[in-house]
Amino acid sequence: MTQKNIRVLIAKPGLDGHDRGAKVICRALRDAGMEVIYTGLRRTPEEIASAAVQEDVDLVGLSILSGAHDVLFPRILELLREQEAGDIPVIAGGIIPERDIPHLKKLGVKEIFLPGSSTQDIIRWIEEHIPPARDPGKK
Amino acid sequence: MSKSAPPDSDLKAAGRKWKKELYDPARQACSLSQDLTTVSGRPLKELYTPQDLEGWDFFKDLGFPGQPPYVRGVHPTMYHGRLWTMRQFSGFGTPEDTNRRYKYLLSHGQTGLSVAFHLPTLMGIDSDHPLARGEIGKCGVAVDSLRDMEILFDGIPLDKITTSMTINAPAAVLWAMYIAVAEKQGVSPRVISGTIQNDILKEYIAQKTFIFPPEASMKLIVDTFEFGGREVPRWNTISISGYHIREAGATALQELAFTLRDGIEYVDWALRRGLDVDEFAPRLSFFFDAHNDFFEEIAKFRAARKIWAEVMRDRFGARQARSCWLRFHTQTAGVSLMAQQPYNNVVRVTLQALAAVLGGTQSLHTNSLDETYALPSQEAVTIALRTQQIIAHESGVVNSIDPLGGSYLVERLTSELAEEAKAAIRKIDDMGGMVKAIEMGYPQKEIADSAFWYQRAVEKGQKIIVGVNAYAQEHEPIPILRVDDSAARQQLSRLAEVRSSRNQRQVREALSDLKKAAVDGLNVMPFLISSVKAYATLGEVMDTLKEVYGEYREPITF
């Protein structure tokens, strides 16, 4: 069986332009053999959800600093579910207060990586949690 | 017997002997494998001696404070005349919330204001725009119209307090609002003093809150230079910023070189407008990062002054001394703060702030320990302010001007950074200038490469971050500031009230005059002031300008 690479969408919701983290993650995941699609800055929840569906990704990574995660993350999850893509796991990173984490996880964000996280930890998490190939037979 | 100043050959021999017979064997016997490079990857020698300053000349390379090349500071008295301005960047929630924070900070010894606007304001959209959802008052204070600005500065005398505003793409509009508020307080534009960041080049390069394409952005900036030179003579019309370049991942050298090349670009564009260099150059100011690497940072600040003095004199023929002064604000490195064991951040900030002071900064923002989580709490910002006060009043470092002047290491690093930065500046000259370099993606790529290099160095353990890749330890969550939804509700209702209560005809006419001025290529400042005085909102003003100038889209790369 030929293994398909893990396809990841790295997305920047929110109005801020702090893309250092997102870009470092993109490169690290690419170097780890994943296919990485980067949305660029200031994407709306609608744009992110539809990019995830159209690109048929195995994982969505959200990077945010602006503090709007409590509004934007739930909306992205909701839109993914509406587009029958609620099975795509969503992870996040950035400036997110620790006390917001339990709530975001309850809503469906699978993991949250805070500043200081190692890209190796993130890669390890992805490799442990995302099957290397989505069965081509699956719709 | 050795003499007090040995000849070079003796020194060289003695240095070699010390290294061979004492240092190397002892080092080899140590198990400690220490990385002798700076946080920017610059290799350092184990020891610096007069040999490292060959060709170095006291008058040419150092001199006296307040004299070219200003390495020791732009003022002859430096902190004996006046301490640096303690200016904490601050803004959150509604204008009322932030006004209370400003009064608190001023009553605790802060000496200037620094406004942090929320992201919708930075992006030139109003709080009721769909993209503002979830963002209102989160990363700064919400300002949609002159009404908000009036509340923000209520009870703060603008003839006595200087204000720095971190605003870029819409800088001219927020400045117009500030001028209008001052007039309402009965304070003439000729008296007010402060700074607008107004540095769009580093937005394209690093921070990415751009709106218009480069050409239109540069035109607006030159408008502010021209208007400021004539009408608001005590205002710093730009703060040419390395901070965001560094935070995005640049090395100290890249920060230095790109920032000064940005400065050159602004001067070029202003001269092309026909402005006299000495008319606007004294109001150019700079803004640097103070990162972890103590001596490299100090050398960076000193080198910046030296290069700028040369550039202004030799490249642009400035005649006034003030035109050659590189005056700068410093902020400690946000990127160096860690979420893990956050109280350690106080120590990081102290060292960084000390580097800024030893480097001769004119004003300083010290970050708060909780900023990897949220905007600072009142308790955290108080510690940050007290850190500056302890450096100023207890450490004794202000007693003697440029106390590290003459240090073999610091002088050598200053010279190295200055020479390498000048070479990097020439490289961008060869590309046709910074706007061209940005369009080619050059500085963006350089910075992303450095950011990735640093992340790898940390993950390989070559660079140690205490509490992260060494000495890790669980910690209790710390209390943080929360901006609740009531701020957004209050802001939206005031915006609706402003829109319905103003004279609509006056707004329409002001905006139509503004559009015509923009189309005709006039200086838009007077038209911006009329528009905001009519309570046209920031979003309405920016939309009017977007119709003329269009919007910038950056290529997506990583």
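Reply: α1(A) passes α5(A) in a right-handed crossing. Helices here are DSSP runs of H or I with at least four residues, strands are runs of E with at least two, and both are numbered from the N terminus.

This is a predicted model, so local features need pLDDT of at least 70 and side-chain atom pairs count only at pLDDT 80 or more, while totals for chains, interfaces and linings use all residues. Residues are numbered from 1 along each chain as its sequence is written, and chains are lettered from A and ligands numbered from 1 in the order in which they are written.

Two packed helices are described by the angle between their axes and the distance between the axes. In chain A, helix α1 covers residues 20-31 and helix α5 covers residues 119-129. Their angle is about 55°, and their axes are 10 Å apart. Axes are lines fitted to C-alpha atoms, for helices over the stretch in contact, and angles run from 0 to 180 degrees between N-to-C directions. α1(A) and α5(A) are therefore oblique to each other. Oblique is what remains after roughly parallel (under 35 degrees), roughly antiparallel (over 145) and roughly perpendicular (65 to 115).

From α1(A), the contact uses Val24(A), Ile25(A), Ala28(A) and Leu29(A). Thr119(A), Ile122(A) and Ile123(A) come from α5(A). Contact needs C-beta atoms, placed from the backbone, within 7 Å. By class, the residues are six nonpolar, one polar and no charged. Nonpolar covers Ala, Val, Leu, Ile, Met, Phe, Trp, Tyr, Cys and Pro; charged covers Asp, Glu, Lys and Arg; the others, Gly among them, are polar.

Now the second look, at a strand. β8(B) spans residues 284-290, and seven of its seven residues are buried. Buried means 20 or more other C-beta atoms, placed from the backbone, within 10 Å of the residue's own; exposed means 12 or fewer, and partly exposed is in between. One side of β8(B) holds Leu284(B), Phe286(B), Phe288(B) and Ala290(B). Ser285(B), Phe287(B) and Asp289(B) are on the other.

Two neighbours pair with β8(B). Pairing needs at least two DSSP bridges. β7(B), residues 238-241, runs parallel to β8(B), joined by four bridges. Ile238(B) stands opposite Leu284(B). β9(B), residues 328-332, also pairs in the parallel sense with β8(B), over five bridges. There, Gln331(B) is the bridge partner of Asp289(B).

Note on methods: Left-handed = near helix turned anticlockwise from the far one by under 90°. Contact = placed C-beta atoms within 7 Å.
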